[in-house]
Amino acid sequence: MKLVQISDIHLTVPGERMGGLNPHRRFAQALDDVRTQHRDAARIIITGDLTHWGEPAAYATLVDALTDLPCPVRLLIGNHDDRAAFLAAFPDHPKDAAGFINYAETVDGTRLIYLDTTEPGTHAGHFCAARRDWLEAELMNCARARLFVHHNPMALGLPAEDKIALVPEDRASLAELLSTYRGRIDYIHFGHVHAPVHGTWCGISFASVRSTGNQSLPDLTEQELLQGAPMAPSYGVILAQGTDTIIHEIPFTWDGPIFCAGTKWDDWAKPVAAE
Ligand SMILES: [Fe+2]
Ligand SMILES: [Fe+2]
């Protein structure tokens, strides 16, 4: 099963830039690359910060962009989103009984769980009792699961970034739940950080992907300010086979030279210098 993870597209009202770049162009480039390179993907999963400021006009551009795709798209919201504006733009989008954008589906024997950690008025993530109940029911009733979420649930050793991770009191609740079901959770995939970070948490492997816009720098000492830079974007291609996971970063804006080399021993032989 191939899954494409795109994250933090931060779409604006048309004409407005985001961090000095055109987020619509970047998102279109990423989708074009998926159309040409990954037509066999089972899902395209966009892990939040769909818009930069949550305006209806920004969501309208997302509706328009999600056409002619090789597979279904799954959307998560993030701290830069507005749940009501999102649902107005996607009125048939699934949500749970409490109104959160929580939903799940079984693909190729694995429960793909899309968890909403957004809370109005804060950039930090939340996981309240209602969301806990929803997630527990999902985990209880599945054989295997893969969790997609916007916020990094765990602290990452980045003091400023960690201030907008899942809040510590909710983190403990999620950690307890995931620890209980770790045997059936293959991976945690998230966005929000605008950088690739990998590790394990509660005994479960996790990975984040870059933004299609600007990237963050991993500053392990800065206490207050997030460090960002216009570094190259990428999206993720997740190859999920049984309980195994392989993740590739796809540098979809690269337009420089590409060198080709064979894999035979002789192909890498040092050329004989001309006399
Ligand atoms: Fe973001
Ligand atoms: Fe975010």
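The iron ion (ligand 1) is held by four residues of this predicted model, namely D8 (OD), H10 (NE2), D49 (OD) and H194 (NE2), at 2.1 to 2.2 Å. Donors here are N, O and S atoms within 2.8 Å of the metal (3.2 Å for Na, K and Ca), and since water is not among the atoms, sites may look incomplete. D49 also bridges to the iron ion (ligand 2), and the two ions lie 3.5 Å apart.

Residues are numbered from 1 along each chain as its sequence is written, while chains are lettered from A and ligands numbered from 1 in the order in which they are written. Local features need pLDDT of at least 70, side-chain atom pairs count only at pLDDT 80 or more, and totals for chains, interfaces and linings use all residues, with side-chain values resting on heavy atoms, hydrogens and water being left out.

**Site of the iron ion (ligand 1)**

- The four donor atoms make angles of 86 to 174°, and the site is irregular; four donors count as tetrahedral if all angles lie between 85 and 135 degrees, four count as square planar and six as octahedral if opposite donors are over 155 degrees apart and all others between 65 and 115, and anything else is irregular.
- Along the sequence, the donor residues of this ion follow the spacing D-x1-H-x38-D-x144-H.
- D8 counts as buried because its relative accessibility is 0%, and D49 counts as buried at 2%, where buried means under 20% relative accessible area, exposed over 50% and partly exposed in between (1.4 Å probe, protein chains only).
- H10, in the loop between β1 and α1, is buried at 3% relative accessibility, and its phi is near 50°, a positive value in a residue other than glycine.

**Site of the iron ion (ligand 2)**

- The iron ion (ligand 2) is coordinated by D49 (OD), N79 (OD1), H150 (NE2) and H192 (ND1), at 2.1 to 2.3 Å.
- Its four donor atoms subtend angles of 88 to 161°, so the arrangement is irregular, and the donors are spaced D-x29-N-x70-H-x41-H along the chain.
- H150, in the loop between β6 (145–149) and α5, and H192, in the loop between β7 (185–190) and β8 (198–201), are 42 residues apart and link distant parts of the chain.
- H150 is buried with a relative accessible area of 0%, and H192 is buried with 5%; the phi of H192 is near 70°, a positive value in a residue other than glycine.

**Cysteines**

- A disulfide is a pair of cysteine sulfur atoms within 2.5 Å, and by this rule the count comes to zero disulfides.
- The sulfur of C142 has its closest cysteine sulfur in C202, 16 Å away, which is too far for a bond.
- C142 counts as buried at 9% relative accessibility, whereas C260 is exposed, with a relative accessible area of 77%.

Key. Helices (H or I, at least four residues) and strands (E, at least two) are DSSP runs, numbered from the N terminus.
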